[in-house]
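Have the structure open and follow along.

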Amino acid sequence: MEGAGLAMKPVIKVAALCGSLRRASFNRGLIRSAIQLCDESIEGMKIEYVDIAPLPFLNTDLEVDGKFPTPVEAFRQRIRGADAFLFASPEYNYSFTGPLKNAIDWASRAPNAWADKPAAIVSAGGNFGGGRSQYHLRQVGVFLDLHFINKPELFVQAFQPPSKFDSDGNLIDPEIRERLKQVLLSLQAFTLRLQNQC
């Protein structure tokens, strides 16, 4: 049968993390939209939201006999099982948020669950659209051995007209949605390139 010998395109598993814990967060809205875009129009990639809210504050006293607390171990397993990452990173005080840093630090405990995997960052916020948080997260990624895509970048100026999000934090701007799709396609292509080099 023609084409029967062709291998199926692998499905890239992307773990998506939001630096804001608010339910109606614009950044969480970007992740919801990214999940919808993959389900509707990006074949070969699946995004799963990973909630960082249950994680305790990092405290190595909680590591007993080489084991992590249950929520931390569950989180680390999801990070280890991902092929790539999508960070939605709001900007707090010129940096990314405490909850996101806490999650990053837990998964970086040996063995580092982030190492040698591709990632993308998107953000929504005030004047610079969360851009400073992205740049700071990229710096941390160097130590984590994360490989961030460089282009395209997405900084959503959430408070500039026209409205980008509704009152529930859902993305409603079609131009931003298309730009988000281009970020996802770039992450997909970069992930496949890295995997093929292994």
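## Where helix 1 meets helix 5

Start with helix 1 (residues 26-41) and helix 5 (residues 174-196), whose axes come within 10 Å and cross at roughly 70°. An angle between 65 and 115 degrees counts as roughly perpendicular, so that's the label for helix 1 relative to helix 5. Keep in mind that you're looking at a predicted model.

Which residues do the touching? On the helix 1 side you'll find Leu 30, Ser 33, Ala 34, Gln 36, Leu 37, Cys 38, Glu 40 and Ser 41. Helix 5 brings Ile 176, Arg 177, Leu 180, Lys 181 and Leu 184 to the contact. Sort the residues of this contact by type and you get seven nonpolar, three polar and three charged.

## Helix 3 and its surroundings

Now move to helix 3, residues 98-108. Its buried residues are Leu 100, Asn 102, Ala 103, Ile 104, Asp 105, Trp 106 and Ala 107. What do they pack against? The partners are strand 1 (12-18), helix 2 (70-80), strand 3 (84-88) and helix 4 (131-144).

Asn 102 is worth a click. This helix 3 residue has a relative accessible area of 11%, so it counts as buried. Leaving aside neighbours within four places in sequence, Asn 102 is in contact with Leu 55, Pro 56, Phe 57 and Leu 58.

## Arg 76, tucked away

Over in helix 2 sits Arg 76. Is Arg 76 buried or exposed? Its relative accessibility is 1%, so it goes down as buried.

Again skipping neighbours within four places in sequence, Arg 76 is in contact with Phe 68, Trp 106, Ala 107, Ser 108, Arg 109, Ala 110, Pro 111 and Ala 113.

## Aromatic rings

Last stop, the rings. How many aromatic pairs turn up in a search of the whole structure? The count is ten. One aromatic cluster is made up of Phe 85, Phe 87, Trp 114 and Phe 148.

There's also a charge over a ring to look at: the charged end of Arg 132 sits over the ring of Tyr 94, at 4.2 Å from the ring's centre.

Notes:
Residues numbered from 1 in each chain as written. Predicted model: local features only at pLDDT ≥ 70, side-chain atom pairs only at ≥ 80, totals over all residues. Heavy atoms only, no water. Phe/Tyr/Trp six-rings, centres within 6.5 Å; stacked < 30°, edge-to-face > 60°. Lys NZ or Arg CZ within 6 Å of the ring centre and 35° of its normal. Axes fitted to C-alpha atoms, helices over the stretch in contact; angles between N-to-C directions. Helix = DSSP H or I, 4+ residues; strand = E, 2+ residues; numbered from the N terminus. Parallel < 35°, antiparallel > 145°, perpendicular 65-115°, else oblique. Contact = heavy atoms within 4.5 Å. Nonpolar A, V, L, I, M, F, W, Y, C, P; charged D, E, K, R; others polar. Buried < 20%, exposed > 50% of the residue type's maximum accessible area, 1.4 Å probe, protein only.
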